[in-house]
Amino acid sequence: MTTLGDMTAWRRLTQLQQDLLVAAVVAVVWFVGLGVIDNSWLRPQNPMVSAVTGIFLIATIAFGRRSPRTTLITVAILYPLVYAAVGTGLAAQLGLTMFGQPRIADAALQSEIHLAPLLVAGYIAASSGVRRLVSGFFAMGSLAALMIGLPTVVAFVLGHVDRAVLYGKRYAALPRDLQSLYSYIDVSLFVFAEALICGMVLLGADARRRRKSVAVLEQRNAELVRLRAAAAERAAVAERTRIARDLHDVISHHVSAVVIRAQAADRVADQRPEVLREAIRWIIASGKEALTAMRETVRVLNAEPGTEPTDSGGGTAPVPDLADVARMGERLKAVGIDVAMFLPTRQRQLTTATDLTAVRIIQEALTNVMVHAKATAARVTWQSSPQGELLTIDDNGSGGPPPVNVLETARRSDSGRGNGLIGMRERATAVGGTLAVAAGPLGGWRVQAWLPPQN
């Protein structure tokens, strides 16, 4: 059986090497077969005709695909002439005695297998891109020339040779006139052979069409593989961006609260040591909470592909609830900012993309209040309705109202500031919502986002 390694080695050969190898195998089989039947009843009347057929067949296989048009025309023209010359004694009349005896064999084909060069030439030419009409014209025309030319050559030989040199009663009885010799043409064989050649040409053209179809399908498949790889890369980039935003929100929120609480405790440590101890305890608890939140956020990076989300180690980031949102306000209270939280009354996990986006926007907005606003009070309002989620975060920061087009200004900033604002707007846009920053009723900033409802 043919192994995969054998097929791989065959494909590594060039087209010419493949054709020469096949031609060599055919040559061995053809001429060894002739040698085997030479001394049997299967021996042809003139073995040299079979040898000529083998030579043309081998040449057609060896060079047909490399030069299909040249090979087709050469075989179509030369094969009938050489076959007739060798098979009828014309070669001997011309002094070419190397083809041996008898000088004349018959006025027709010795064997149907002698059609092989024409069949193979027509098939290879059509399968290599030569037009079907051209391939059929030369191959079928060559057969017509062969079967009509044979009696003509026989008549020429009989007109110039002493019948005493002919072998056998059949040859001695051959008529000299051309019209009588044409009765030796087997019309049924001629029609069948022409139909066979036509069929081989059509098969060759169909083989070329199928090869082109396979090549197109392979090209399309390669394009689909490339597109899938590009889509997977885009998905991976989007996931890395999402995780980076979550890490930014979680770390900045917790660490900012810890830093502000530590700074406040440091300022009163000498006068009120008990405040320092209380702050240290709060910092320890907040640090542990921050580490837990960070581990849960990056847990998705270590999940196996295709892992289903679970509570104990799935492939997604942690799912917060309204209690987590309330704890965000408690952290701000711990650092001296009075936060009023007006949250929905629903008692369920926040599982949709809209819910999770709302939590992260609130978290980032409160972080900005802690770090940048210099505020003493803030208000968070989350209004949930069938039309969507409306988030409003106000503060009384001493920095005053935001500048006009603050989001566009933040986008163009290279200082590193403004990433939180841009991140909030990108989160809102990702779920089909909007986010705006303007002056608030408390004297500071108002961050307001609308997120569409999702099931």
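**Annotated spans and a helix pair**

Analyst: In this predicted model, residues 48–64 are 94% helix and 0% strand, and the end C-alpha atoms of the span lie 23 Å apart. That span belongs to the UniProt annotation "transmembrane region", which comes from an unreviewed entry and also covers residues 20–42, 71–93, 113–130, 137–161 and 181–203. Over residues 113–130, the chain is 67% helix and 0% strand, with 24 Å between the end C-alpha atoms.

Helix 6 comprises residues 116–127, and helix 10 comprises residues 187–268. Two packed helices are described by the angle between their axes and the distance between the axes. For helix 6 and helix 10, the angle is about 30° and the axes are 7 Å apart. Because angles under 35 degrees count as roughly parallel, helix 6 is roughly parallel to helix 10. The crossing of helix 6 past helix 10 is right-handed.

On the helix 6 side, the contact is formed by Leu118, Leu119, Gly122, Tyr123, Ala126 and Ser127. Their partners in helix 10 include Leu196, Ile197, Met200, Val201, Leu203 and Gly204, and also Ala205, Ala207, Arg208 and Arg211.

Elsewhere in the chain, histidine 372 is found in helix 13, which spans residues 353–373. Histidine 372 has a relative accessible area of 45% and is therefore partly exposed. Between histidine 372 and glycine 399, the separation is 27 residues in sequence and 8.5 Å in space, C-alpha to C-alpha.

Key:
Residues are numbered from 1 along each chain as its sequence is written. This is a predicted model: local features need pLDDT of at least 70, side-chain atom pairs count only at pLDDT 80 or more; totals for chains, interfaces and linings use all residues. Side-chain values use heavy atoms; hydrogens and water are left out. Axes are lines fitted to C-alpha atoms, for helices over the stretch in contact, and angles run from 0 to 180 degrees between N-to-C directions. Helices (H or I, at least four residues) and strands (E, at least two) are DSSP runs, numbered from the N terminus. Angles under 35 degrees count as roughly parallel, over 145 as roughly antiparallel, 65 to 115 as roughly perpendicular and the rest as oblique. A crossing is left-handed if the near helix is turned anticlockwise from the far one by less than a right angle, and right-handed if clockwise. Contact means heavy atoms within 4.5 Å. Buried means under 20% relative accessible area, exposed over 50%, partly exposed in between (1.4 Å probe, protein chains only). UniProt positions are given in the numbering used here, feature names are shortened, and annotations may be inferred rather than shown by experiment.
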